[in-house]
Amino acid sequence: MSLEHTWPAWGLDEAGRGPILGPMTLALVALDAEPAAELRSLGVQDSKRFGAGPKAQELRASLALEIRRLARVCVHVEIHVDVIDEHTFRGQLNVLEQRTALRLLADSGAPEDAHIIADGCRIFTPLQRSYPRLCAVDKGESAHVAVAAASIIAKHARDEAFAAIAARYAPEFGPIAGGGYLNAATRRFLDAYNKVHARLPPEARKSWGAEKVDAGAQLALMPE
């Protein structure tokens with residue numbers, strides 16, 4: 001499905017909704033037709049397709065520079081762990097994303113009749129009350145280059161945030177891999193931190209997964 005028929009187009013996407021470690025980021029990119037075509041020729045696509053290793057991060061960083069150079073609007077916001085926890089414990093993570101997206105759109109001067117494509121049908125369809133021409137679709141990165149560009153900006157910002165976390169703890173715990181998702185590398189770091197400090201690090205989401213009451217219970221509930 002292609003939604004590339006009206007310009008300028010505003011793309012909206014997030015990164016980091018699922019990890020246990022680090023913030024979530026939300027990005028908004030507005031493109032005119034010619035810059036959109038140039039970014040498409042440069043390989044702008046869903047940031048997840050690039051992978052998670054150093055080469056993928058370098059590619060996202062390089063494309064992020066081009067997106068910022070060519071975009072009419074290119075902004076992102078970092079949502080910190082304590083805010084994520086506060087909303088997730090209340091079952092309002094979607095509401096948090098919706099409010100953040102509306103703030104980004106308003107602060108960026110998006111008109112009420114803006115052609116907006118948001119990645120996530122269930123999450124972002126309610127925004128049509130404020131922006132009637134908004135189209136919320138799943139796999140929006142494949143539907144519009146503006147969403148793909150927002151995906152890259154959001155993921156690059158998330159890459160940088162996790163790199164800062166890893167650098168903060170590397171002197172005590174060594175290199176930290178895993179991107180903050182609950183995989184073997186992240187689990188090793190969380191286990192090691194808990195053994196030393198008897199709690200999870202402040203960058204860990206206490207609301208992640210099943211109901212948890214303390215650091216020991218959290219780690220015990222994590223799947224191997």
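Predicted model: local features only at pLDDT ≥ 70, side-chain atom pairs only at ≥ 80, totals over all residues.

User: At what angle do α1 and α2 pack?

Analyst: Helices are DSSP runs of H or I with at least four residues, strands are runs of E with at least two, and both are numbered from the N terminus. Axes are lines fitted to C-alpha atoms, for helices over the stretch in contact, and angles run from 0 to 180 degrees between N-to-C directions. Here α1 (residues 33-42) packs on α2 at about 170°, with the axes 10 Å apart. That makes α1 roughly antiparallel to α2 (over 145 degrees; under 35 is roughly parallel, 65 to 115 roughly perpendicular, the rest oblique).

User: Which residues make that contact?

Analyst: Contact means heavy atoms within 4.5 Å. From α1 come Pro 35, Glu 38, Leu 39 and Leu 42; from α2 come Leu 63, Glu 66, Ile 67, Arg 69 and Leu 70. By class there are 6 nonpolar, no polar and 3 charged residues. Ala, Val, Leu, Ile, Met, Phe, Trp, Tyr, Cys and Pro count as nonpolar, Asp, Glu, Lys and Arg as charged, and the others, Gly among them, as polar.

User: At what angle do the axes of α2 and α7 cross?

Analyst: The axes of α2 (residues 54-70) and α7 (residues 145-173) cross at roughly 125° and come within 9 Å, and the two helices are therefore oblique to each other. Residues in the contact include Gln 57, Ala 61 and Ile 67 of α2, with Ile 152, Lys 155 and Asp 159 among those of α7. The contact divides into 7 nonpolar, 2 polar and 4 charged residues.

User: Which residues of α3 and α4 meet?

Analyst: Val 83, Ile 84, His 87 and Thr 88 of α3 meet Leu 93, Leu 96 and Arg 99 of α4. The axes of α3 (residues 81-89) and α4 (residues 93-107) come within 7 Å and cross at roughly 130°.

User: What lines the largest pocket?

Analyst: Rolling a probe the size of a water molecule over the atoms shows where empty space is left. On a 1 Å grid over the protein atoms alone, a pocket is an open set of points where a 1.4 Å probe fits, with protein on both sides within 12 Å along at least five of seven lines; lining residues have an atom within 4 Å of a point. The largest pocket is lined by 21 residues, with Ala 52, Gln 57, Lys 155, Asp 159 and Gly 179 nearest its centre. The largest share of the lining, 9 residues, comes from α7. By class, the lining has 7 nonpolar, 8 polar and 6 charged residues.

User: Which peptide bond is cis?

Analyst: Most residues other than glycine have a negative phi, and most peptide bonds are trans. The bond from Trp 7 to Pro 8 is cis, with omega near 0°, and Pro 8 is in the segment before β1. Lys 139 is not a glycine, yet has a positive phi of about 55°; Lys 139 is found in the loop between β5 (135-137) and α6 (140-143).

Note on methods: Residues numbered from 1 in each chain as written. Heavy atoms only, no water.
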